Amino acid sequence: MLNPDMVREATRLTRAGQLVEATAVLQRMLRGHGDPAAPRGNAAPVERARLEPPTLELKANVIEERESGPSTQATPAKRHKGRAPFGGIKDLSGFSLPGPVGRAPLSKADIAPDGTRFVASTFSNAAGSRTYKLFIPSRTDGEPRPLIVMLHGCTQSPDDFAAATRMNFLADERNCFVVYPEQPRGANHAKCWNWFRTGDQRRDGGEPSLIAGITRQIMREHPIDPKRVYVAGLSAGGAAAAIMGATYPDIYAAVGVHSGLACGAASDLKSALAAMRQGSAGPIETAGPSVPTIVFHGDRDTTVHPSNADRILRGPGEDASLRTKILRGRVPEGHAYTRTILTDGGGLDISEHWSIHGAAHAWSGGSPAGSYTDPRGPDATREMMRFFLEHSLASFTRR
């Protein structure tokens with residue numbers, strides 16, 4: 001149960017800049033202690049197991065195919081029913097996990113392939129400034145190419161997120177640019193995108209304006225195909241990616257959300273905690289028309305409740321012409337998954353939902369060189385890339 005007095009005290013401490021104390025209050029509340037007094041200690045982090053990524057064979061069988069009406073959700077056949085506890089919360093974004101211990105420093109070989117560039121730059125506007133890292137593929141033929149915007153999770157950096165997802169390696173194969181905006185500690189103590197603040201859920205203001213500004217700046221300075229620009233993210237970055245799709249559907253042709261929440265899932269600290277613990281309640285109003293979206297979420301995620309994946313995909317564009325296809329598969333020596341695909345009358349996939357059975361709060365199929373990854377797959381990076389390149393602004397009729 002949420003203790004209103006403790007929530008108010010945590011809010012007061014946050015506004016005073018005392019994030020450690022505010023976190024301790026929330027941790028005491030979630031352990032069932034009613035006293036707002038907050039100790040200053042933090043639990044020691046636990047080292048993540050380092051596993052080698054397997055060779056993935058994403059073969060699946062069609063399990064079910066049905067018509068989808070306005071109230072039908074693209075949901076997997078099975079759903080983890082438990083309520084996720086708040087183990088690992090360290091700041092008011094709710095996304096911080098115990099940090100990795102003993103991981104070797106990243107090398108250039110972890111981040112990008114030879115013959116490519118990964119360069120730093122900065123964008124500024126009235127909302128502030130953000131640095132970013134831009135991946136430039138090895139082939140420079142001058143032809144317009146796709147751009148993928150990657151929004152890291154809490155405590156991560158562009159280098160770490162690039163190493164974790166290995167998006168740069170796949171982008172070089174497919175001749176794409178990739179940009180990684182960076183959230184500084186000055187904007188959020190744990191470097192989380194502020195997905196739960198209403199001022200950061202709107203077009204032309206706050207963090208969305210900074211991310212869109214970075215996107216546009218790269219589109220001006222490099223040979224980018226304006227019809228093939230995409231945005232993806234993990235955790236708090238996944239929630240931010242959902243916001244970008246809702247607020248800038250004229251820029252982004254498709255969205256990838258890994259372990260995140262829908263735009264508008266929360267408007268303050270109390271609703272953020274509730275949405276993370278048990279899923280957001282009530283209707284979620286998006287700021288714009290729906291955008292093709294691919295979602296990955298572990299059904300054992302105890303940081304962001306798996307039901308949030310359904311909320312991301314629930315939108316105004318569903319009608320009787322849409323069809324739902326459900327497939328199941330398993331990664332060799334890895335996770336089983338349920339993949340739910342929503343297709344329009346023309347055969348174009350409008351959304352995909354990958355429910356990964358037994359997976360927690362980590363990038364599916366990622367590299368252990370980066371943080372917060374689960375190498376047991378399926379490969380979220382490759383599947384997002386495949387989904388993105390199937391869509392362009394011209395191919396999707398906005399509803």
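**Terms and their grounds**

Reply: Among contacts (heavy atoms within 4.5 Å) in the chain between residues at least 6 apart in sequence, 72% join residues at least 24 apart. This is a predicted model, in which local features need pLDDT of at least 70 and side-chain atom pairs count only at pLDDT 80 or more, while totals for chains, interfaces and linings use all residues. Residues are numbered from 1 along each chain as its sequence is written, and side-chain values use heavy atoms, with hydrogens and water left out.

Me: How many helices and strands does the chain have?
Reply: The chain has 10 helices and 13 strands. Both are DSSP runs numbered from the N terminus, helices being H or I with at least four residues and strands E with at least two.

Me: Why is Gly-370 called buried?
Reply: Buried means under 20% relative accessible area, exposed over 50%, and partly exposed in between, with a 1.4 Å probe and protein chains only. Gly-370 has 0% relative accessibility and therefore counts as buried. The residue lies in the loop between strand S12 (363-364) and strand S13 (373-374). Its C-alpha atom is 9.8 Å from that of Ser-157, although 213 residues separate Gly-370 and Ser-157 along the chain. In the chain of 399 residues, 55% are buried.

Me: What makes H6 roughly perpendicular to H7?
Reply: Helix H6 (residues 206-221) and helix H7 (residues 236-247) pack at an angle of about 80 degrees, and their axes are 10 Å apart. Because of that angle, H6 is roughly perpendicular to H7. The cut-offs are under 35 degrees for roughly parallel, over 145 for roughly antiparallel, 65 to 115 for roughly perpendicular, and oblique for the rest. Axes are lines fitted to C-alpha atoms, for helices over the stretch in contact, and angles run from 0 to 180 degrees between N-to-C directions.

Me: Which residues of H6 and H7 meet?
Reply: Pro-208, Ile-211 and Ala-212 in H6 meet Ile-243, Met-244 and Thr-247 in H7. The residues of this contact comprise five nonpolar, one polar and no charged. Ala, Val, Leu, Ile, Met, Phe, Trp, Tyr, Cys and Pro count as nonpolar, Asp, Glu, Lys and Arg as charged, and the others, Gly among them, as polar.

Me: Is Ile-251 buried or exposed?
Reply: Ile-251 has a relative accessible area of 6% and is therefore buried. It is placed in the loop between H7 and strand S7 (254-258). Not counting residues up to four places away in sequence, Ile-251 touches Ala-212, Thr-215, Arg-216, Pro-226, Val-229 and Leu-393.

Me: What makes the pairing of Arg-130 and Glu-207 a salt bridge?
Reply: A salt bridge is a side-chain nitrogen of Lys or Arg within 4 Å of a carboxyl oxygen of Asp or Glu. The side chains of Arg-130 and Glu-207 meet at 3.8 Å, N to O, in a salt bridge. Arg-130 lies in strand S3 (residues 128-136) and Glu-207 in helix H6, so the pair ties together parts 77 residues apart in sequence. Both Arg-130 and Glu-207 are buried.

Me: How do you know that Glu-173 is partly exposed?
Reply: Glu-173 counts as partly exposed because its relative accessibility is 49%. Glu-173 forms a salt bridge with Arg-382, with the closest N and O atoms 3.9 Å apart. Arg-382 is partly exposed as well, at a relative accessible area of 41%.
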